[in-house]
Number of protein chains: 2
Amino acid sequence: MAAAYKERINRARKLARDEGFEALWVNDAPNVRYLSGFTGSSGYILLGPGKGYFITDSRYELQAAQEVRDLEIAILRGRLPALLKQLLSGMNVSRLAFSGALLSFDEVQSIRRALRGTAAFQPLQGSLSGLRAVKDAEEVTALRRAVSNAERAMRAVAGLVRPGVTEMRVAEALACELIRGACDDAAFNIIVACGPRSALPHATPSGRRLGRRDLMLLDWGARCGGYHSDMTRVFFEGEPAAELRKIHGVVLEAREAALQAIRPGAAAADVDAAARRVIEDAGYGEHFGHALGHGVGLEVHEAPVLGGASRDILKPGMVFTVEPGIYLPGKGGVRIEDVIHLEGDGPRVLGRLPRSGVLPSGAGRGSEVMVE
Amino acid sequence: MAAAYKERINRARKLARDEGFEALWVNDAPNVRYLSGFTGSSGYILLGPGKGYFITDSRYELQAAQEVRDLEIAILRGRLPALLKQLLSGMNVSRLAFSGALLSFDEVQSIRRALRGTAAFQPLQGSLSGLRAVKDAEEVTALRRAVSNAERAMRAVAGLVRPGVTEMRVAEALACELIRGACDDAAFNIIVACGPRSALPHATPSGRRLGRRDLMLLDWGARCGGYHSDMTRVFFEGEPAAELRKIHGVVLEAREAALQAIRPGAAAADVDAAARRVIEDAGYGEHFGHALGHGVGLEVHEAPVLGGASRDILKPGMVFTVEPGIYLPGKGGVRIEDVIHLEGDGPRVLGRLPRSGVLPSGAGRGSEVMVE
């Protein structure tokens, strides 16, 4: 375990050094956790030449002592920029890097003021969070757990998905299952949407009830040891309206096209395009308004981005979602989302849940409803 | 309801205008929700002279149409800086303000590049989030609901707090109660800590079991209609160690001193000092390492700050926590936290939970354990 942090710290140092920086400032919780193992919400890392500090305040002093092994711990008693200046004074640093995507404008200004005459504080061109895109074996294990826990929770509540149940009831039951499971929590606010509300890709669960010949879309995930899963399934109650069945078929085809296109070395934008072409050819291009997928890990959304404007290249070890969707305002929407682990020889879908949860008419037979 | 948003928008416009800006850019979810009513996670607001836009992407198009009344809706199809430039082109704006605390360094750079030659993009000196510090009646109602729901959940699980129960079991039960209640969710990751772990002010629940003559600290809250509560209580199982009983008494005295000092016009730093003096006089000053309290509302931590370095002045309508604590490494910690509503004639504690949950020896008698 400690070895993993050392290796990650070395990669972070190299990222900065390759751009001519002697030191790197890390201020966001996911990257701090990745590089140090610290699971609290308030920590910073300063990686200097040959020396690395983990900084937190007194609330986390004991926790840091337990969790952080490979960095010297400094406790913040006053203002952060002043402590940073003090720690740098013991190092030979003329240029300190930060991540411009992760630090606020004000924080940059106040650190620059404190370091005036000491060191230049400048943004990295490379992506610090991008270091996390390729997962190591331990991370893949955590992601597999996050997927299997999400699936276990879904199997436990699938029997609730029957005519008359409210979106909120299903969402609450699912959230409790996720909390009671082997994992930390739900990965994000669960989406449950029936009927036309399923055309809202990010609907908040409401009191709306599942009707007959209706559909229910669920987007949920688990967080395990800090790692997130993110999945979406659609349940049909009885025979759905013809156009909903049609878009369901198109979405499954788009998913298949994406899986065919995913391989080490592929451009993420090309994978998005492969899925999008299927949806466009079916005449629904304008109703697929989001990217095909996104990396998952210590954040629900992280590198790589599988979207039209992405410059990411897929590499073995990346873990990301594939989630084509078609949303017809006033009618309903279908999205199927899985977590994919790209191995050396191609994509593996993490998880075993059938791709759609077609309910037999007059349903409610527990886990049977998950049979494809 | 609509009137509240118009009034809030007017205050935001005035904040920018008072600093010589013709327009204001709002990019963070809590302020966007406050000014527009939009409950999704991806929205922006541009307030120009006589014209205001709400910007989101296609995922939230229908939701925005349902929730946002007082702003024109613009759907983002390409890059955000380009859309911002386009919307500004129809207005007479030479200086556009943003919140430097809320916008990342990179976002500022990319918007500045897009607006070069069009408008200056500069940080506000005043605090945009600070507009939310004084709550209106509707917000106080939501906060009261968030407190009462947190209390209801605690009463429902208090019977679990008996020797042998794990921190995790209590945290899971509490989280499920919060989800199943009338509210949205838990306000944050619940803290449950027994014995020496209670000296970690932000402990993650573990498998540790509550022992005899042990204490259990719980820090939890509910989120209702977007508004958060945040409370902390300590349960004693049987007669606690003498020093723990002593610090419990000191914390209650510090709380009392804070409540005495809270009044309209008081400096928040003075209220912190009043409570801190009690703890220092008892010889525990170095073991109270955090601020006395913080505003609560659409965020768990917002203005005002009740801390030594704060320049905030307390005003009627503010809602904030008071949470003195003493943490003795290796021995245990005590914190008592309540949500306070400052009315014109003084502070009101929202909620009715006894300040400590002293368990009778051989406990587990359900809600009785909450009797002071």
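This is a predicted model: local features need pLDDT of at least 70, side-chain atom pairs count only at pLDDT 80 or more; totals for chains, interfaces and linings use all residues.
Strands pair through backbone hydrogen bonds, in either a parallel or an antiparallel sense. Here three strands of chain A form an open sheet in the order β7-β10-β11, and the pairing is antiparallel. The edges are held by β7 (185–186) and β11 (227–228) of chain A. Each of these has a single partner strand, so one side of each is left without a neighbour in the sheet. Take the pairing of β7(A) with β10 of chain A, residues 222–224. These strands run in the antiparallel sense and are joined over two bridges.

Now turn to a pair of helices. Packed helices are described by two quantities, the angle between the axes and the distance between them. For α4 (residues 80–89) and α5 (residues 105–115) of chain A, the axes come within 9 Å. They cross at roughly 45 degrees. That angle is why α4(A) counts as oblique to α5(A). The crossing of α4(A) past α5(A) is right-handed. On the α4(A) side, the contact uses A:Pro81, A:Ala82, A:Leu84 and A:Lys85. On the α5(A) side, it uses A:Ser110, A:Ile111, A:Ala114 and A:Leu115. By class, the residues of this contact are six nonpolar, one polar and one charged.

The next step is between chains. Chain B gives 33 residues to its contact with chain A, and chain A gives 33 residues as well. Which elements of chain B give two or more residues to the side that touches chain A? They are α3 (61–67), α5 (105–115) and α7 (167–180) of chain B. The largest share of that side, five residues, comes from α7(B). The side of chain B that touches chain A has 15 nonpolar, 12 polar and six charged residues.

Finally, check the backbone. Most peptide bonds are trans, and most residues other than glycine have a negative phi. Some sites here depart from that pattern. In chain A, the bond joining A:Ala303 and A:Pro304 is cis, with omega about 0 degrees. A:Pro304 sits in strand β14 of chain A, residues 302–306. In chain B, the peptide bond from B:Ala303 to B:Pro304 is cis, with omega near 0 degrees. B:Pro304 belongs to strand β14 of chain B, residues 302–306.

The phi exceptions include an arginine in chain A. A:Arg213 is not a glycine, yet its phi is positive, about 55 degrees. Where is A:Arg213 found? A:Arg213 is in the loop between β8 (191–194) and β9 (215–220) of chain A. Is A:Arg213 buried, exposed or partly exposed? A:Arg213 has 14 C-beta neighbours inside 10 Å, so it counts as partly exposed.

Chain B has its own entry. B:Arg213 also has a positive phi of about 55 degrees and is not a glycine. B:Arg213 lies in the loop between β8 (191–194) and β9 (215–220) of chain B. With 14 other C-beta atoms within 10 Å, B:Arg213 is partly exposed.

Definitions and conventions:
Residues are numbered from 1 along each chain as its sequence is written. Chains are lettered from A and ligands numbered from 1 in the order in which they are written. Axes are lines fitted to C-alpha atoms, for helices over the stretch in contact, and angles run from 0 to 180 degrees between N-to-C directions. Helices (H or I, at least four residues) and strands (E, at least two) are DSSP runs, numbered from the N terminus. Angles under 35 degrees count as roughly parallel, over 145 as roughly antiparallel, 65 to 115 as roughly perpendicular and the rest as oblique. A crossing is left-handed if the near helix is turned anticlockwise from the far one by less than a right angle, and right-handed if clockwise. Two residues are in contact if their C-beta atoms, placed from the backbone, lie within 7 Å. Ala, Val, Leu, Ile, Met, Phe, Trp, Tyr, Cys and Pro count as nonpolar, Asp, Glu, Lys and Arg as charged, and the others, Gly among them, as polar. Two strands pair if DSSP finds at least two bridges between them. A residue is buried if 20 or more other C-beta atoms lie within 10 Å of its own, exposed if 12 or fewer, and partly exposed in between; C-beta atoms are placed from the backbone.
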